[in-house]
Amino acid sequence: MMNDRTFFGLGRLGTLLLASLVSGCGIMPWIGADRDPTPPTKLVQIVPSASLTPIWSQRVTRGTQGRELDLVPAVVAERIYVADARGRLVALDAGSGRVLWERETGLSFSGGPDVRGDRLVLGTSRGEVVALSTGDGAELWRTQVGSEVLSVPRLTDQDQVIARTLEDSIYGIDATSGEQQWRVHYPAPVLTLRGSSRPVETPFGILVGLSGGKLLNLDPEDGTPLWEVAITRPSGRSELARIADIDADPVVIGTIAFVGSYNGDLAAVDISSGSVLWRRELSAHAGLAANETALFVTDSTDQIWRADPSDGAGRWRQEALLYRRVTAPELVGNLVVVGDFEGYLHLLSQADGRLVGRTRLTSRGAITARPLSVGGRLIVYADDGTLAAFSVGSAADPTERGDSPASLDAGAAATQAPDIMQDTALTEPAETTP
């Protein structure tokens, strides 16, 4: 029997998507002005000390068609699966880039894929969750949900698909049959960013970040909220100022979830109880990355931060990529890698935030999907449908490689994180709702 619950939180009834807010950059478009008040920072030339060496690169799909979608590569058992906005699905050999099979489904994919076992799942702009075979892309089942699925549906260890829709409904779906098991709905605020964070499976439940700044932990059995906590409480006189969406995917290390909200805070949450361990003022929605010793964040102005995961104190801030619509960070060895709106990949030192290298994947489109580190290689999928694999190493002498000065663009040294990241730790007790 399917359970259907609606929960009324901080938001109002109804959803009016602020589609003009560009996902990944946090830049409000100017209205009636001659010039962009926040122009992208121009790249400056340096000699790199780290490099990305192409293993293979090819344009395999038509990409996002200029839309803000969560179409990302999925890598399993030396295969890469990618999809585009017009329904093309491709499987490739991860080592060589050779196309193993391709299928034109006719579906308007908007989120995915995720892969587990012999199936992969995607969401569509028409409010569908679809399962297909990893062997040849044949459709296994299709389930209608309430609205556009603008984040990657998750296949869980419990043979279940967890999907979140743009209007803040979360669905539990049987991964074998496609039968809807339960639905939880939280009415969204009047204005939200166009985007939604992906559900995250943990031993304690399913984490979901919502529009309006709430983080939920759901029981996968029936969708019952085990706890919910406000990461950021919407504030301000206008609906625009009150946008506090959690669009960055929660990142889990051990029993701690790190989560960021737009116009709000970066926080650490104990996922066993829902207690907020610390909270720092920092607006973010592109994404986070973390390991046991460091937390990295792309903020809403496209600065890259390193913070201490134990208390959120800032260690460094790199501002040479300001307003370049930078992706969520990915960690590769001792580097941080991000993509930008001009198709560049930027390499930063994890230790001090220096920009130590850059390469351009494509001049035809942005990179909005987080680069993916797999087995020491970097897999990158650009919005124009270009897919590439890179190895990471020390840079050769540019004169020996014959690189042009333009290809050596990098940035500047990072600055010490300002006091806003150092002195605003959470002191009040965490508020949770059982």
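**Sheet, pocket and salt bridges in the predicted model**

An open sheet of four strands is present, with the order β23-β24-β25-β26 and antiparallel pairing. Its edge strands are β23 and β26 (276-281), each of which pairs on one side only. Direction ignored, neighbouring strands of this sheet are turned by 15° against each other on average. The structure described here is a predicted model. Within the sheet, β23 runs antiparallel to strand β24 (residues 256-260), and three bridges join the two. Val251 has Phe258 of β24 as its bridge partner.

The largest pocket has a volume of about 750 Å³. Its lining comprises 29 residues, of which Arg154, Arg198, Asp249, Arg370 and Leu372 are the closest to the pocket centre. Elements that give two or more residues to this lining are β6 (74-76), β10 (109-116), β14 (154-155), β19 (200-202), β23 (251-253), β27 (287-290), β31 (330-332) and β35 (372-374). By residue class, the lining of the largest pocket divides into 21 nonpolar and eight charged residues, with no polar ones.

Val76 is placed in strand β6. With a relative accessibility of 33%, Val76 counts as partly exposed. Between Val76 and Asp114 the C-alpha to C-alpha distance is 9.6 Å, while the two are 38 residues apart in sequence.

Backbone geometry was then considered. Most residues other than glycine have a negative phi, and most peptide bonds are trans. The peptide bond from Gly112 to Pro113, however, is cis, with omega near 5°; Pro113 lies in strand β10. A positive phi of about 75° is found at Asp302, which is not a glycine. Asp302 is placed in the loop between β28 (295-298) and β29 (304-307), and its relative accessible area of 0% makes it buried. Tyr323, also a residue other than glycine, has a positive phi near 60°. The position of Tyr323 is in the loop between β30 (314-318) and β31. Tyr323 counts as buried because its relative accessibility, 19%, is under the 20% limit.

Side chains of opposite charge can pair when their charged atoms come close. The count of salt bridges in the model comes to 21. One of them is formed by the side chains of Asp118 and Arg119, at 3.5 Å from N to O; Arg119 has a relative accessibility of 14% and counts as buried.

A salt bridge also links the side chains of Asp249 and Arg198, with an N to O distance of 3.3 Å. Asp249 lies in the loop between β22 (225-230) and β23, and Arg198 in the loop between β18 (191-193) and β19, so this pair ties together parts that are 51 residues apart in sequence. Both Asp249 and Arg198 are buried, and both are among the lining residues closest to the centre of the largest pocket.

In the salt bridge between Asp384 and Arg364, the closest N and O atoms are 3.2 Å apart. Asp384 is in the loop between β36 (377-381) and β37 (386-394), and Arg364 is in the loop between β34 (355-360) and β35; the pair therefore ties together parts that are 20 residues apart in sequence. Asp384 is buried, with a relative accessible area of 5%, whereas Arg364 is exposed, with a relative accessible area of 55%.

Methods: Residues are numbered from 1 along each chain as its sequence is written. This is a predicted model: local features need pLDDT of at least 70, side-chain atom pairs count only at pLDDT 80 or more; totals for chains, interfaces and linings use all residues. Side-chain values use heavy atoms; hydrogens and water are left out. On a 1 Å grid over the protein atoms alone, a cavity is a set of points where a 1.4 Å probe fits but cannot get out, and a pocket is an open set with protein on both sides within 12 Å along at least five of seven lines; lining residues have an atom within 4 Å of a point. Grid points are joined across faces, edges and corners, and a volume is the space filled by probe spheres set on the points. Ala, Val, Leu, Ile, Met, Phe, Trp, Tyr, Cys and Pro count as nonpolar, Asp, Glu, Lys and Arg as charged, and the others, Gly among them, as polar. Buried means under 20% relative accessible area, exposed over 50%, partly exposed in between (1.4 Å probe, protein chains only). Two strands pair if DSSP finds at least two bridges between them. Axes are lines fitted to C-alpha atoms, for helices over the stretch in contact, and angles run from 0 to 180 degrees between N-to-C directions. A salt bridge is a side-chain nitrogen of Lys or Arg within 4 Å of a carboxyl oxygen of Asp or Glu.
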